[in-house]
Amino acid sequence: MKYLAICEDDLLFRFMRRVASKRGEALFLVQDAEAAKRIKRGGGSSRSGDLGREATYKKTRLKQVEQAILFIRNPELWEQVYLLLRRLHPEVPLLSLSSEGEVAADRKDPLLRELPLEDIFQELCAPSLLDTLNRQRVGKIRSLFREKDKIHILLQHDPDPDGIGGALALRELLGRKRATTPIVTFGGVTRPENLAMIRLLDIQIERITYEDLHQDGARLALVDVQPPYFNRALGQVDLVVDHHPRRAPFSARYTDLRTQYGATATIFTEYLQAANVEPSQRLATALLYGIKSDTLFLKRGSHYADLQAFTFLYPFANRAMITRMERPALPRADLEALGRALSRLQLDNGVAVIHMGEIKREDVIPQMAEFCLQIEGVEWAVVSGLCGDRVVISVRNVGYVRSAGDIMKRLFDAIGSAGGHRSMAKAVVPLERFKEHFGEVSEKVIREAMVSLIRQREQELRGSTPAERT
Ligand SMILES: [Mn+2]
């Protein structure tokens with residue numbers, strides 16, 4: 001016999017019928033003879049007797065019990081049973097299911113554990129409550145649209161994985177295809193990771209204008225965004241599903257805002273589960289990546305629901321593909337430019353300056369600045385490159401008391417845009433203006449401008465008292 005359950009009645013048996021009905025696994029010792037009969041009729045093993053008396057335990061072969069479960073609400077009886085059990089079998093692990101809580105707290109019994117009933121309710125019932133809610137929500141969403149309606153799923157200006165994943169899920173829930181339910185945006189996808197995502201998962205995102213939003217009576221669904229985000233009126237909005245805080249009032253035929261969630265993809269994952277839709281690998285990958293990137297791998301603003309959705313999606317998703325999205329391949333030509341620059345690298349008081357010349361992709365520049373910080377002796381990394389007609393400069397340093405943002409602002413704000421914080425900063429300057437100001441774009445020019453300012457700053461810091469270094 002594995003478990004001995006000591007209970008006032010047969011309530012616990014009903015909860016654990018599946019374990020209990022394997023004969024020999026669990027014996028229910030109950031106070032009341034009628035309850036014992038009901039347990040037997042339900043396929044369990046039971047005995048009845050006065051739980052406070054030693055004789056009741058005599059026939060239970062207590063020494064063979066691996067674990068005892070106590071489900072006794074009456075505190076005096078609980079006390080009696082506990083003391084009796086400990087006298088008869090000091091080593092048996094005890095699990096007490098309690099409604100009062102804290103009976104075991106000051107007992108200093110390492111083999112006694114307490115599980116509050118409210119926690120059990122939370123674990124068992126809360127998901128079911130949410131599930132019925134989600135089922136009702138899915139029904140509502142499906143009733144919003146007629147078969148002949150075209151639906152535009154509108155995302156933010158620079159659609160991100162969370163919005164894209166949610167949009168795909170909405171299309172799936174509605175049983176729609178791309179032609180009748182396109183994903184649209186007023187902007188375009190720009191971040192390399194997001195471009196990699198739509199390329200690898202073969203997702204089309206179409207550009208749309210305000211004028212075409214309701215063309216031919218098209219319906220409008222907003223995912224991971226709310227109407228006030230757009231600075232113009234959108235006309236009738238049919239659906240809004242989002243997790244951002246409500247910035248301003250808006251109206252829509254259906255709204256589901258869950259601001260405590262870390263991702264919109266989590267809401268859609270719950271919808272899919274409630275609707276019994278098993279996600280395809282493509283859909284699961286998109287949703288998983290959405291949750292992962294919006295919550296910084298469940299670190300930022302994430303909720304228990306995000307973790308649950310993540311766990312549900314994980315086995316369906318293509319994880320290798322997510323790794324490829326997160327680290328989009330660097331263009332070979334850009335890497336070669338970096339290689340050439342690295343071979344000429346000279347350190348000047350811990351400052352590494354690299355000008356990559358013309359490059360294809362802007363995001364390579366901050367990545368390379370990050371990379372250069374790992375070179376021995378480097379405390380500051382300054383990497384620049386020419387992207388079309390813009391000079392992009394990225395700065396990183398290892399310290400916390402340094403002010404990369406300040407320096408970049410001082411140097412470049414007047415001729416372009418510059419900003420950042422203490423350890424990382426960026427400047428973008430139109431090529432023409434850069435030339436007007438500095439004469440040419442070269443490593444030499446950037447080095448001269450940056451190094452003297454960095455040195456000056458460092459000297460200021462050295463001269464200051466520690467209290468000022470904040
Ligand atoms: Mn989001």
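Helices here are DSSP runs of H or I at least four residues long, strands are runs of E of at least two, and both are numbered from the N terminus.

**Entry 1: overall make-up**

I am working from a predicted model. I looked up the secondary structure of the protein chain first. I find 17 helices and 18 strands. The radius of gyration is 32 Å, well over the 23 Å that the globule rule gives for 470 residues, so the chain is more spread out than a compact globule. I then took the box along the principal axes. The C-alpha atoms fill roughly 100 × 65 × 40 Å.

**Entry 2: domains**

I checked the domain assignment next. It gives domain 1 as 3-119, domain 2 as 144-326 and domain 3 as 332-463. How far apart do the C-alpha centres of domain 1 and domain 2 lie? I read 49 Å.

**Entry 3: helix 9 and helix 11**

I turned to helix packing. Helix 9 covers residues 264-274 and helix 11 covers residues 304-313. Their axes are 9 Å apart, and the packing angle is about 55°. The crossing is left-handed. From helix 9, I list Thr266, Thr269, Glu270 and Gln273 in the contact. Helix 11 brings Ala305, Asp306, Ala309, Phe312 and Leu313. By class, I note 4 nonpolar, 3 polar and 2 charged residues.

**Entry 4: helix 9 and helix 10**

I stayed with helix 9 and looked at helix 10, residues 281-294. The two axes come within 8 Å and cross at roughly 140°. Helix 9 and helix 10 are therefore oblique to each other. Is this crossing left-handed or right-handed? I have it as left-handed. Ala265, Thr266, Phe268 and Thr269 of helix 9 make the contact with Leu287, Gly290 and Ile291 of helix 10. I sort these residues into 4 nonpolar, 3 polar and no charged.

**Entry 5: helix 7 and helix 10**

Last, I followed helix 10 to helix 7, residues 161-173. Here the axes are 7 Å apart, at an angle of about 145°. I record a left-handed crossing for helix 7 and helix 10. On the helix 7 side I find Pro161, Asp162, Ile164, Gly165, Gly166, Leu168, Ala169 and Glu172. They meet Leu283, Ala286, Leu287, Tyr289, Gly290, Ser293 and Asp294 in helix 10. The class count for this contact is 8 nonpolar, 4 polar and 3 charged residues. I also note that Leu287 and Gly290 of helix 10 are listed in its contact with helix 9.

Notes
Residues numbered from 1 in each chain as written. Predicted model: local features only at pLDDT ≥ 70, side-chain atom pairs only at ≥ 80, totals over all residues. Domains from an automatic or database assignment. Axes fitted to C-alpha atoms, helices over the stretch in contact; angles between N-to-C directions. Left-handed = near helix turned anticlockwise from the far one by under 90°. Contact = placed C-beta atoms within 7 Å. Nonpolar A, V, L, I, M, F, W, Y, C, P; charged D, E, K, R; others polar. Rg over C-alpha atoms; globule rule 2.2 N^0.38 Å. Parallel < 35°, antiparallel > 145°, perpendicular 65-115°, else oblique.
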